[in-house]
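Thank you for making the time this morning.

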Amino acid sequence: MLPVHALSTLEPQSLFDDIDRSFQLSSQDLVELTKAFLHEISLGLSSYGQPMAMIPTFVTGVPDGTETGTFLALDLGGTNLRVCEVVLNGDKTFSLRQQKYKVSDSLKTGEATALFDYLAASVDAFLTTHAASAYSHGSDVVNLGLTFSFPVEQTALDSGTILTWTKGFSAKNAIGHDVVKLLQDAFDRKHMHVKCVALVNDTVGALLSRAYTAGGCVLGAIFGTGTNGAYVEDVAKITKLANSPIAEKGGQMVVNTEWGAFNNCRSHLPFTPFDNALDRLSINPSYQAFEKFISGMYLGEITRNILISLIDASPISLLFCGKSTPALNKHYGLDTSVMSQIEEAWEGPNRSLSGNQPAPEFAKFDATALPPNIGKKLERIRLVVVKQFGFRDSEVTIKDAAIVRWACSLVARRAALLSGVAVATILLQTGRASFADKEGKFPSGTDTDKIGVGVDGRSVCSLRAIWANSSSNLTV
């Protein structure tokens, strides 16, 4: 793709068409991405130090909904941390008390001791003011499970070394250290009678919680600030555990894929200039490549890069008459939630992602010729743009609204397709899906059991759309 300013000196519609094509993924593209995904899974299961780490979690079973008890949990995964008290009723139902605590940028990027002291203080505050059960401050020890949503090389159920930070975190003196010990030391500094007895990733938590409420689950997936997946694998396939006691026991184990790092080598992912700009200016260039295509932290920024390029096009601007706002000019100034508002304004409550359609003919756009229903939808979007971008009402036209909606749809649809690739790859890896044969036909299956998949995160656009876009290549 040529630079935006070079294309804009030609026919403007060719610029829109070129951007549109760069975000499309064909059926064959999806197949090749899935095969590359499977290859990286194989590498991660067989050896340590791979970008897709395929981390053994030492969780060797999943709930079936009959478990009972009261449990305390701490969840650190992104913008907020949560402290939770969960009561399992033994009938696939549970009750939950929780409190969220904001994690400031200074904590994310400061010293690890400050971050973990804040985690300990938050647990202390929750036990004092929010917990339903009476937790003694005497000699009784309160057991706690930690959900830590960052790459960790786990060596036991209650031990794991931090490999790297993601999702905007870069706390100092944490990488290479045991996350459970960092937290336990913080509890001890506050003289709290709390012991961290289990460490899981948020994807493992999604898998286990769905297994409890559904009676079984094979995959937990997070599509939020970041993205990741965990699934149930045969221990025999985790060959890097060879000759270990747990390998000799066999059976199954939950594996944390760390799929946000898929294709860090950039051999298959469909990078555009807008993706390259995002990666180059990120805090971790060349890392977490897949995550930067589909997670909530980045989708708004990719869209902003498109819009700014159209504003800056020369010799004639193609958006907002060349005007911008502080929000649009700011790095990460367009939150991904605004994309959801725009899609909501277009589709209403029963929205679905746009199909694989050519770019609208913006060069010939005539607002007066629009059907009334389309005009009303674009007017709703125009009002969202005015409010969220910080423009004056007179500075945003219906055509501007249509262009913004198109850009958001491009980025969101590509993210949904790539998210579907990740889910489909796990189904293939576990024998629950298959590729079409050379004639384009799928093997006839007889297994009609439903497949349990736990999904969490604010960036889940529409699973129906994801599977609709993937179903031409895979059978489940």
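This is a predicted model: local features need pLDDT of at least 70, side-chain atom pairs count only at pLDDT 80 or more; totals for chains, interfaces and linings use all residues.

How many helices and strands does the secondary structure of the chain come to? The count is 16 helices and 14 strands, where helices (H or I, at least four residues) and strands (E, at least two) are DSSP runs numbered from the N terminus. Residues are numbered from 1 along each chain as its sequence is written, and side-chain values use heavy atoms, with hydrogens and water left out.

The chain has 476 residues, of which 50% count as buried; buried here means under 20% relative accessible area, exposed means over 50%, and partly exposed is in between, with a 1.4 Å probe and protein chains only. If we take contact to mean heavy atoms within 4.5 Å, then residues 24 or more positions apart account for 70% of the contacts with a separation of 6 or more.

Let me turn to the cores. In soluble globular proteins, nonpolar side chains tend to be buried together. By a nonpolar core I mean a set of buried Ala, Val, Leu, Ile, Met, Phe, Trp, Tyr and Cys residues joined through side-chain atoms within 4.5 Å. The largest one in this chain has 79 residues, and W259, L310, F320 and F389 are those with the most contacts inside it. Helix α15, residues 398-429, gives the most to this core, with 18 residues. There is also a second, separate core of 38 residues, which includes L74, I162, C196 and L199. Coming back to L310, and not counting residues up to four places away in sequence, its contacts are L15, F16, I19, S317, L318, L319, I403 and W406.

Two of those partners, F16 and W406, bring me to the aromatic residues. Rings of Phe, Tyr and Trp (for Trp, its six-membered ring) pair if their centres lie within 6.5 Å, and planes under 30 degrees apart count as stacked, over 60 as edge-to-face and the rest as tilted. A search of the whole structure finds 18 such pairs. F16 and W406 form one that is edge-to-face, at 5.5 Å centre to centre and with 80° between the planes. Since F16 lies in helix α2 (residues 12-22) and W406 in helix α15, this pair ties together parts that are 390 residues apart in sequence. F16 is buried at 2% relative accessibility, and W406 is buried at 6%.

A further edge-to-face pair is that of F148 and W165, with ring centres 5.8 Å apart and planes at 65°.

Is the charged residue E233 buried or exposed? With a relative accessible area of 1%, E233 is buried, and its place is in strand β10, residues 227-234. Leaving aside neighbours within four places in sequence, E233 is in contact with L45, I238, G251, Q252, M253, V255 and Q429.

Finally, the backbone. Most residues other than glycine have a negative phi, and most peptide bonds are trans. The peptide bond from S314 to P315 is cis, with omega near 5°, and P315 lies in the loop between α11 and α12 (326-329). C321 lies in the loop between α11 and α12 as well; its phi is positive, near 55°, and at 71% relative accessibility C321 counts as exposed. S286 also has a positive phi, near 75°, and is found in the loop between α9 (273-280) and α10 (291-294), where S286 is partly exposed, with a relative accessible area of 42%.
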